[in-house]
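Hello,

Here is the structure I promised to pass on. Please open it first, then read my notes below.

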Amino acid sequence: MLNVIWLFMIVISIIVAAINGRMETVSQAVFDGAKTGLTVSFGLLSVLIFWMGLMKIAEKSGLLHLVSIALGPIVQRLFPDIPKGHPAIGYIMSNISANILGLGNAATPMGLKAMEELQKLNPDKERASPAMCTLLAINTASITLIPTTMIAIRLQYGSSNAFEIVSSTLLASSIATLFALMLDRYYRYRTMNKLR
Amino acid sequence: MYQVVNLLSIWAIPCFIAFILTHGWWKKVPVYDTFVEGAKGGLVTTIRILPHLVAMMVAITLFRQSGALDLFLELIKPLLVFLHIPSEIVPLALLRPLSGTGSLAIATDIIAQYGPDSMIGRLASTMQGSTDTTFYVLTVYFGAVGIRNSMYALKVGLWSDLMGVVASLVVVAVLF
């Protein structure tokens, strides 16, 4: 699906640019886009190196295992395929908590560690497992308690009550997340029936 | 409320870092060596993600700068007028799943133009805050472990983005 969308976006853009007589923007946009990709990766690099180092300590000290056992039952309901006490559960739990607190910088490394652990359990290394799809659904919808960036921007533009969007964001993101989880369940059962 | 939330977001990470380090030290883990060992993983992961991000960003930038996004907006305009959706918010809703920085720029622009406490300003804040960038998350998470076949994950992500937009419209209309 991603192959088709990617192709579609690029080809349509070039055709539209040709019709509008904006062909010169195409090559500029290609280089700009590539540069953005690199800048974003660099931003990610420092964050990933730090958090993955820190999480290794939590893993070795047994802290992650403790978290997995304590909060396992909650995560286990969402991810029935993960064995009890598996490190993936600890990482998933940290990923969800960081998302809720609006700590995007910390959420991504935890989510990626969770992905690595899920990949170890995945029988087909090139195809996403149901657990991976569920983790992705949670992260794309992402329940948010404190939308830090938006509050900062509202303050900057002189809002009289910058925090009033906390309730609306929490409500809207909860609805979206619930919907994502239900949809994920539906597709999971449908593909499982097809494979059988 | 303001102070509590502010304090929580300032204190959460430092406390978390201090707690992990002291717990590791207490359990006799060589903290520095372990940190460096784990940190190497971050380097490997980033290098694996890099080509995916470049590919995605090229497509997204091209789509915006060529005018394809504007054309698409123009095409669906009658539908939006019919549904009573304010047209100023549409570019934000469309760009939200594609680009986090792009949609943030639009949300900031809306707030600067209409004011943060206006209806449309609140709507923009809620929409931007309530979902994450689906294409970015998919690219990074699956790219990091080398998944090629994303199964139904993209479909679920995009439908829930739409749900997030609808939920934002309804919630803001009801709450404020």
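**Ser41(A) and its surroundings**

Ser41(A) counts as buried, because it has 20 C-beta neighbours inside 10 Å. (Buried means 20 or more other C-beta atoms within 10 Å of a residue's own, exposed means 12 or fewer, and partly exposed lies in between; C-beta atoms are placed from the backbone.)

Before going on, note that this is a predicted model: local features need pLDDT of at least 70, side-chain atom pairs count only at pLDDT 80 or more, and totals for chains, interfaces and linings use all residues. Residues are numbered from 1 along each chain as its sequence is written, while chains are lettered from A and ligands numbered from 1 in the order in which they are written.

Ser41(A) sits in helix H2 of chain A. (Helices are DSSP runs of H or I with at least four residues, strands are runs of E with at least two, and both are numbered from the N terminus.) Which residues does Ser41(A) contact, leaving aside its neighbours within four places in sequence? They are Thr46(B), Ile49(B), Leu50(B) and Leu53(B). (Contact means C-beta atoms, placed from the backbone, within 7 Å.)

**Helix H2 of chain A**

H2(A) covers residues 23-60. Its 38 residues should span 56 Å at 1.5 Å a residue, and its end C-alpha atoms are 55 Å apart, which agrees. (The expected span is 1.5 Å times one less than the number of residues.) Just after H2(A), Gly62(A) takes a positive phi of about 90°.

**Where the chains meet**

In total, 86 residues of chain B are in contact with 90 residues of chain A. H2(B) gives the most to the side of chain B that touches chain A, with 26 residues. That side divides into 51 nonpolar, 28 polar and 7 charged residues. (Nonpolar: Ala, Val, Leu, Ile, Met, Phe, Trp, Tyr, Cys and Pro; charged: Asp, Glu, Lys and Arg; polar: the others, Gly among them.)

**H3 and H4 of chain A**

H3(A), residues 63-78, and H4(A), residues 87-100, pack at an angle of about 75°, with their axes 8 Å apart. That makes H3(A) roughly perpendicular to H4(A). (Axes are lines fitted to C-alpha atoms over the stretch in contact, with angles from 0 to 180 degrees between N-to-C directions; under 35 degrees is roughly parallel, over 145 roughly antiparallel, 65 to 115 roughly perpendicular, the rest oblique.) Among the residues of H3(A) that meet H4(A) are Leu64(A), Leu71(A) and Val75(A). The contact divides into 8 nonpolar, 4 polar and no charged residues.

Best wishes

Notes:
Two residues are in contact if their C-beta atoms, placed from the backbone, lie within 7 Å.
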